[in-house]
Amino acid sequence: MARAHWGCCPWLVLFCAYAWSHPIPGDLAREDVRNCSTSPPYLPVTAVNTTVRLTALRQQIQAWNLSAYIIPDTDAHMSEYIGRHDERRAWITGFTGTAGIAVVTLRKAAVWTDSRYWTQAERQMDCNWELHKEVGITPIVTWLLAEIPSGESVGFDPFLFSIDSWESYDQALQGSNRQLVSITDNLVDLVWGSERPPVPSQPIYALQEAFTGSTWQEKVSGIRSQMQMHSEAPTAVLLSALDETAWLFNLRSSDIPYNPFFYSYTLLTDSFIRLFVNKSRFSSETLQYLNSSCTDPLCVQLEDYSEVRGSVKDYALGDVKIWIGTSYTTYGLYEVIPEEKLVADTYSPVMVTKAVKNSKEQALLKASHVRDAVAVIRYLVWLEKNVPKGTVDEFSGAELVDKFRGEEEFSSGPSFQTISASGLNAALAHYSPTKELHRKLSSDEMYLLDSGGQYWDGTTDITRTVHWGTPSAFQKEAYTRVLMGNIDLSRLIFPAATSGRMVEAFARRALWEVGLNYGHGTGHGIGNFLCVHEWPVGFQSNNIAMAKGMFTSIEPGYYQDGEFGIRLEDVALVVEAKTKYPGTYLTFEVVSFVPYDRNLIDVSLLSPEQLQYLNHYYQTIREKVAPELQSRQMLEELAWLQQHTEPLSARAPHSTSLASVLLAATLAFLSWNS
């Protein structure tokens, strides 16, 4: 799980659920840290003066005959993470939180955000801005209706609105005599001017064949076959999500934080391929790789990124049908395609095809998780030695685990901002430390680490919660019940084509039995050097049915406000289950290989089946990771692994000193190499 930003994309359902359902106690009643009623007003030193920016924006609003302008915090591809030059809401408001929508009228300006960011918004925004401690389109429209007169217009950038968002705003304004106006020139960009960070220009490169499951030509042919078999006979597929184009052509770059993507669109038709991108970013070798110098059906015609709207509009004039995925297509493209020429599904065929990994992609992703386990184990071993010294804090810890991952083969950086949370901070599901704000790690507190890496062969995401001292009985029970939920879902056998939503409760059952629960989703898909939150796989109502070859995270948790947080997250492959009687059934094969904290497991709560599963999992960890540690002569880490994967029994867990295990590991290492 990573931190979420607030928009209208599918992943919103998973990652903002916890924050929205758990307001910070007392915050709704707490007074704003700003005092805007005094003269001069009192503002924190961190507040940003936005008067000049707002004055310039209001001039633009008037020039376009508008009364209000809506500023979301997404980009033209509905991306989870956005680049610096797309941080329009942050620039105009001064508020840099990753979730929030701003609206500016000729007289007022306001921001809507969830409870994670109320304090931050108050400290960063000046008195030009109202803070509304609620989220959703309904309260925004209610405010607009009160602030702008009848007969006036509300402007928006159609490339920053999903189709669903546009429909929601439009429907809410129906009958109010107020109109939504689509303006393709972004008004904030016009004001931002030369101060706006430049669009990234790093090279776009082709992945080596060793790291791809299929050639791009094979992928294109597969999508065209789906077009031919579709009942509505689409002549083209329009791709808007950045990971769709990256996957289709096996291309990568670094335009988006934590994601190896580049700004692009693709129009794949039955007779040609158009890739809308900054052409200057390709080397001659990559141009040759794309067959860009010809016009045959398997040649990629490069067009400028800014030409996509006009090109799609022109194509739609013909006898054509354009297949789109509504979850990631913005209104900016949707509005130029006549309704009778649309073939609309929730997800594009590329998004759905990408979700099922072939055998080579599965092997690649598994291999990346073995190396990733080495990095995490190195970190946990280091923590055991250094936390008792009182020298480790959340931020320095996050930096170190990122460093260890960076030293692994094929590493391309973290897959999201590391969540390194000690004690009460771990009760905030999406907390991440900063250089300025962090806590010391302590042997007396729980510590939650949620982190992941990008590797050329795969993307990883794993969460472990540990305690180096003496946990309370309640902490052990809560941890064990979270573990039981993880095990129950991981070992579940279910019919093929079952929706993840239908089985998600198995991860919660052990918690529910004693009146506990967690407020976030239970899992998400994951890519091959792509998105750490790869839609549409997972356990939410808007995810597609589970199928063999999909990867998903399984991540139950429990959060005790103001005290501690627990989450245990593994990535698992959906595989065919072996059953006594004939039938097509599925189960999960966990590919994360880091043991859980024995200090927090109450073995007496585990059923015999859960205990058997856990010990088998530990044996798998030894088989997968020990040879890697051995080959690198990491004796201390190997000893730690052996100690933490000793079989558990129903009686009190046997305690073995690290020194004795280290001696055993050394002898084993010598025998293996003799």
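Modeller: The link of Cys36 and Cys127 is left-handed, with -85° about the S-S bond. This pair joins distant parts of the chain, 91 residues apart: Cys36 lies in the loop between helix 2 (17-21) and helix 3 (51-63), and Cys127 in the loop between helix 5 (118-124) and strand 4 (130-132). Helices (H or I, at least four residues) and strands (E, at least two) are DSSP runs, numbered from the N terminus.

Biologist: What kind of model is this, and how are residues numbered?

Modeller: This is a predicted model, in which local features need pLDDT of at least 70, side-chain atom pairs count only at pLDDT 80 or more, and totals for chains, interfaces and linings use all residues. Residues are numbered from 1 along each chain as its sequence is written, and side-chain values use heavy atoms, with hydrogens and water left out.

Biologist: How many disulfides does the structure hold?

Modeller: A disulfide is a pair of cysteine sulfur atoms within 2.5 Å. The structure holds two. The sulfur atoms of Cys36 and Cys127 are 1.9 Å apart, and those of Cys294 and Cys299 are 1.7 Å apart.

Biologist: Is Cys299 buried or exposed?

Modeller: Buried means under 20% relative accessible area, exposed over 50%, and partly exposed in between (1.4 Å probe, protein chains only). Cys299 is buried, because its relative accessible area is 3%.
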